[in-house]
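Here is a friendly walk through a few local features of a model. Please keep the structure open beside you as you read.

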Amino acid sequence: MSKEKILTVQDISCVGQCSLTVALPVISACGIETCVLPTAVLSTHTAFKPGWTFRDLTSDIEPISQHWQKENITFKAIYTGYLGSREQVDLILKLIDRHLEKNGVAIVDPAMADGGVLYKGFPEDFPKDMARLCAAADVILPNITEACLMTDSEFRTEYDENYIVTLLSKLAKLGCKKVVLTGVSFEPQKLGVAVYDCASGKVEYYFNHKLPRMSHGTGDVYAAAFVGAYMNGMSVYDSAALAADYTVKTIEATMDDKDHWYGVKFEKELPYLIERLKTV
Ligand code: PXL
């Protein structure tokens, strides 16, 4: 895949090291021109104490797209993350139809839940809408919670390989082509991803050592690094593995700072990511 410009569609959390404030620097650092379409503007992400502001930008999406149509603006990839409303799903499907190049890729991170629960602010049946967006994707990047919510599966913290393979095959039935399932762990000291080819049913795993810390925003860091690596021509599996290594580094860079609870210091490890991409 050549290095062309991509579009990422997700919120701006002004403070909190997630969504666009991660995607833009990370993908740009990977040498990829990164255009943005903000879905909402929040004062902070929603893991902060209630009180954050929320400006829904749903009504801006269509006029922005119509202007792009007049300018013949298209993208080699469209990567979506946290959405501002369920109505945005249909608007983004239209956006993919209009602005994704013929051989372009739609990458969907169904960023809406973690730890067995939906993020605050989403209606209970929002996963059904997100599943429709995943159906149109070449690659989806759910965590286990998101995978369960979109497939009506029981969320478990302890499971075997059978559970993961069943989840993957249910996700494949949504209609996407490849799945990168994050947060997979079969042993206490190891955490990783399962990479699934929906057509062949082939599953591959990649594991790192598990760190003794839960961190906010790591899903967004992971997805951004995945997109950056993939757009540099790496395979889905190699991109998934590199993104996992980078995410571990960003958590390690944050571990000694107890006050830094809201995100990870991904900026400090951008040189590592750039160095790894030089080998592609
Ligand atoms: O990191 C995911 C995310 C993105 N955007 C907003 C969030 C969250 C997670 O809580 O609240 C606004």
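Ser 19 sits in the loop between strand 1 (6–15) and helix 1 (20–29); helices (H or I, at least four residues) and strands (E, at least two) are DSSP runs, numbered from the N terminus. This is a predicted model, in which local features need pLDDT of at least 70 and side-chain atom pairs count only at pLDDT 80 or more, while totals for chains, interfaces and linings use all residues. Residues are numbered from 1 along each chain as its sequence is written, and side-chain values use heavy atoms, with hydrogens and water left out.

Most residues other than glycine have a negative phi. Ser 19 is not a glycine, yet its phi is positive, at about 45 degrees. Ser 19 counts as buried because its relative accessibility is 2%; buried means under 20% relative accessible area, exposed over 50%, and partly exposed in between (1.4 Å probe, protein chains only).

Asn 72 also has a positive phi, about 55 degrees, without being a glycine. Its place is the loop between helix 2 (58–70) and strand 4 (75–80). Asn 72 counts as exposed because its relative accessibility is 65%.

Which residues surround the ligand? They are Asp 11, Ser 13, Cys 18, Ser 19, Leu 42, His 45, Thr 46, Tyr 82, Tyr 119 and Asp 220, where near means that a heavy atom of the residue lies within 4 Å. The table gives some polar contacts, each a pair of N or O atoms within 3.5 Å; within protein, one must be able to donate a hydrogen and the other to accept it, and residues adjacent in sequence count only if both atoms are side-chain atoms.

| Side chain | Ligand atom | Distance |
|---|---|---|
| Ser 19 | nitrogen | 3.1 Å |
| Thr 46 | oxygen | 2.6 Å |
| Asp 220 | oxygen | 2.8 Å |

Now to another serine. Ser 239 is found in helix 8 (residues 236–252). With a relative accessible area of 0%, Ser 239 is buried. A polar atom of the Ser 239 side chain lies 2.7 Å from the backbone oxygen of Ser 235. Leaving aside neighbours within four places in sequence, Ser 239 is in contact with Phe 226, Ala 229, Tyr 230 and Met 234, contact meaning heavy atoms within 4.5 Å.
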